Amino acid sequence: FITKLLNEGNATCDGKYEYRNVKRWSKKVPGKDIFALDKILFPINMGNMHWICAVIFMKKKRIEIFDSMGSSGGRYLNALFNYIQDEHMDKKKSPLDNADAWELIPTQPDTPRQSNGHDCGVFTCMFADFLSKDTALVFNQDHINQCRERIALSIMKGKAIM
């Protein structure tokens with residue numbers, strides 16, 4: 001989603017925000033209305049090198065970045081905020097209600113951190129899992145092998161991480 005939204009990898013306009021690239025994507029959302037959702041999770045691949053997780057908490061009017069390496073993710077916060085404003089204008093035909101009440105929250109100091117250069121994908125999966133269940137992020141690098149096993153088991157069972 002973010003790759004398309006920001007034209008990542010496009011030689012002529014890499015990094016340029018373009019709502020039209022993802023305008024139809026929300027039609028596949030149950031109820032076809034992202035504004036009726038509680039939250040939307042976005043796995044983001046930064047420069048084909050690192051995975052992070054972003055979440056739009058619709059009811060809380062908050063967009064937050066979770067990066068196991070600690071980046072702020074400001075570029076993605078702004079792009080997602082622009083997206084929901086454009087989506088509201090396109091689908092609801094009016095500006096986003098209380099746009100000034102929205103919070104854009106970069107990675108916080110207490111976000112679990114990886115201690116190597118290769119576990120970002122596992123951290124991103126676990127961020128998405130815990131956040132989707134409204135669970136505190138109570139894992140760390142020491143839990144990564146167990147997390148990998150949970151992810152593998154969920155893939156084998158064809159079900160979400162348990």
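Which residues are linked in a network of salt bridges here?

Mentor: That network joins K23, E87, D90 and K91. A quick caveat first: this is a predicted model, where local features need pLDDT of at least 70 and side-chain atom pairs count only at pLDDT 80 or more, while totals for chains, interfaces and linings use all residues. Numbering runs from 1 along each chain as its sequence is written, and side-chain values use heavy atoms, with hydrogens and water left out.

D90 is buried at 19% relative accessible area, and K91 is partly exposed at 30%; the cut-offs are under 20% for buried, over 50% for exposed and partly exposed in between, with a 1.4 Å probe and protein chains only.

Step back and the structure holds 12 salt bridges. Take K92 and D33, whose side chains meet at 2.9 Å, N to O. K92 sits in helix α2 (residues 74–92) and D33 in the loop between α1 (2–5) and β1 (39–46), so this pair ties together parts 59 residues apart in sequence. Helices here are DSSP runs of H or I, at least four residues, and strands are runs of E, at least two, numbered from the N terminus. K92 is partly exposed at 37%, and so is D33 at 21%.

Then there's D119 with R148, closest N and O atoms 2.3 Å apart. That one links the loop between β4 (103–105) and α3 (120–132), where D119 lies, to R148 in helix α4 (residues 144–157), 29 residues apart. D119 is buried at 4%, whereas R148 is partly exposed at 36%.

Conventions
A salt bridge is a side-chain nitrogen of Lys or Arg within 4 Å of a carboxyl oxygen of Asp or Glu.
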